[in-house]
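Please study the sequence and the structure before reading each solution.

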Amino acid sequence: MPKLWMYYCIVLLAGSVTPASAAQQVLLLGFVENLCSDESYCFELRVEPQFIEVAGERIIVRFDRSTQIFDPENYELTLAQQNIVDGSHLRLLLFSESDRGGNHYRAAFIWIGD
């Protein structure tokens, strides 16, 4: 049932996105390579092979209090509870931060683990 809820959220969000912003929306899986040394709530993600064509091999992801974060059981977490560390396996719904460069993204949703 928890996986079903996650996919429901994705479908609901995707249906509410305008065509202009939909082109910049990316859903992918990856592993946290390392946390950003100069920013809180930022990490470098090593993208899983089947998603490299969509986003590249390594991307920079930022998140904040507007990001919805869920643990493996689909309980929503606060920023203080999130515990994203080097090696964390994540499923993410991202939006491009094209003003920062091609490999920079802002997370709308983060699911930690499987």
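**Exercise 1.** Determine how many of the 6 residues of strand β2 are buried.

*Solution.* Strands are DSSP runs (E, at least two residues), numbered from the N terminus. The model is predicted: local features need pLDDT of at least 70, side-chain atom pairs count only at pLDDT 80 or more, and totals for chains, interfaces and linings use all residues. Residues are numbered from 1 along each chain as its sequence is written, and side-chain values use heavy atoms, with hydrogens and water left out.

**Exercise 2.** Identify the strands that pair with β2, and state in which sense they run.

*Solution.* Two strands pair if DSSP finds at least two bridges between them.

- Step 1. Strand β1 (residues 25–35) runs antiparallel to β2, and 5 bridges join the two. Gly 30 has Val 47 of β2 as its bridge partner.
- Step 2. The hairpin of β1 and β2 has 6 residues between the strands, and Tyr 41 takes a positive phi near 60° there.
- Step 3. Strand β3 (residues 58–62) also pairs with β2 in the antiparallel sense, over 5 bridges. In β3, Arg 58 is the bridge partner of Arg 46.

**Exercise 3.** Find the salt-bridge partner of Arg 46, and explain which parts the pair ties together.

*Solution.* A salt bridge places a side-chain nitrogen of Lys or Arg within 4 Å of a carboxyl oxygen of Asp or Glu.

- Step 1. Arg 46 meets Glu 33 at 2.8 Å, N to O. Glu 33 belongs to strand β1 and Arg 46 to strand β2, so their contact ties together parts 13 residues apart in sequence.
- Step 2. Glu 33 is partly exposed at 29% relative accessible area, and Arg 46 is partly exposed at 36%.

**Exercise 4.** Which residues form salt bridges with Arg 106?

*Solution.* 

- Step 1. Asp 64 is one partner, with closest N and O atoms 3.4 Å apart. This pair links distant parts of the chain, 42 residues apart: Asp 64 is in the loop between β3 and β4 (68–70), and Arg 106 is in strand β7 (residues 104–112).
- Step 2. Glu 97 also forms a salt bridge with Arg 106, at 3.1 Å between the closest N and O atoms. Glu 97 is buried, with a relative accessible area of 9%.
- Step 3. Salt bridges that share partners join Glu 39, Arg 62, Asp 64, Glu 97, Arg 100 and Arg 106 into one network.

Terms used:
Buried means under 20% relative accessible area, exposed over 50%, partly exposed in between (1.4 Å probe, protein chains only). Helices (H or I, at least four residues) and strands (E, at least two) are DSSP runs, numbered from the N terminus.
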